[in-house]
Amino acid sequence: MKSLLAKKIVLSPSLLIASGRHRACYQHPEHDGLCIKVHHPNKDDRETIREVKYYKRIYRNTSSINAIAHYYGTQETNLGTGYVFQLIKDKTGNVANTLDYYLKNKHSFLKHQKSMKIAYELFKKTVYKDAIVTMTLKPYNIVYQLGYKPHGQFFIIDNLGCANLIPIDYYSSTLARTTLTRRFTDFEQRMMREYHVKLSTMQSVESKD
């Protein structure tokens with residue numbers, strides 16, 4: 001892996017997977033299981049540096065953290081410094097879709113609804129067990145991987161770490177889990193408010209508006 005990341009690579013438009021407000025995500029041209037995130041020219045890399053610091057912290061203690069896309073280091077590209085992450089793919093080889101995708105595509109959501117309920121319960125338990133520190137949970141920062149487990153698997157792919165000047169959650173699993181309770185409560189309320197979906201049951205709820 002180190003030799004792979006030592007060389008400068010070219011990221012072409014055909015490799016683009018997704019583009020957000022701050023970063024663009026590209027398929028790694030030489031490794032199918034990796035992606036490269038690069039910042040837009042007018043955006044700083046403060047958020048990514050926060051994430052990288054958190055990854056380095058947890059990797060000092062363990063490398064078996066589940067439910068998150070793993071980080072592998074930086075690599076120079078024609079678009080600037082790239083940050084290399086695990087690319088979550090379905091067993092078919094397709095890039096795993098975000099939860100946001102499923103919530104906006106009724107046919108796909110209904111097709112996987114029962115499995116997603118079980119996968120979400122396991123995902124939540126795993127995040128609590130590992131005391132993952134994350135910023136606000138958002139449906140486009142969580143992907144649902146098909147095929148590798150009987151009911152699929154959810155992963156957080158973005159927005160990890162803590163932005164507080166003193167990140168106390170890093171030093172106490174108990175505090176981290178207390179924060180996670182708030183994160184999941186806010187997240188599930190947001191899913192009800194914006195998508196009319198109750199995540200604990202993966203059921204669509206009719207809007208009263």
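Tutor: Two strands pair if DSSP finds at least two bridges between them. Keep in mind that this model is predicted.

Student: Which residue is the bridge partner of Ala24 in β3?

Tutor: Val38 is the partner of Ala24. Their strands, β2 (residues 23–27) and β3 (residues 34–39), pair in the antiparallel sense over five bridges.

Student: What is the order of the strands in the open sheet?

Tutor: The five strands run in the order β1-β2-β3-β5-β4, and their pairing is antiparallel. From one strand to the next, the twist averages 25°.

Student: Which helix packs on the sheet?

Tutor: Helix α2 (residues 46–61) does, touching β2, β3, β4 and β5 (80–86). The direction of α2 makes about 45° with that of β5.

Student: How do I read the buried residues of a helix?

Tutor: An α-helix has 3.6 residues a turn, so residues three or four places apart point the same way. Now take α4: its buried residues include Phe109, His112, Met116, Ala119, Tyr120, Phe123 and Val127. Ser108 and Gln113 are buried in α4 as well.

Student: What do the buried residues of α4 pack against?

Tutor: They pack against the helices α3 (99–104) and α5 (173–195), and against the strands β7 (142–145), β8 (153–156), β9 (197–198) and β10 (203–204).

Student: Where does α4 bend, and what follows the helix?

Tutor: Helix α4 (residues 106–129) bends by about 65° at Gln113. After α4 comes Ala131, with a positive phi near 50°.

Technical notes. Residues numbered from 1 in each chain as written. Predicted model: local features only at pLDDT ≥ 70, side-chain atom pairs only at ≥ 80, totals over all residues. Heavy atoms only, no water. Bend = angle between axes of the 7 residues up to and from the residue. Helix = DSSP H or I, 4+ residues; strand = E, 2+ residues; numbered from the N terminus. Buried < 20%, exposed > 50% of the residue type's maximum accessible area, 1.4 Å probe, protein only. Contact = heavy atoms within 4.5 Å. Axes fitted to C-alpha atoms, helices over the stretch in contact; angles between N-to-C directions.
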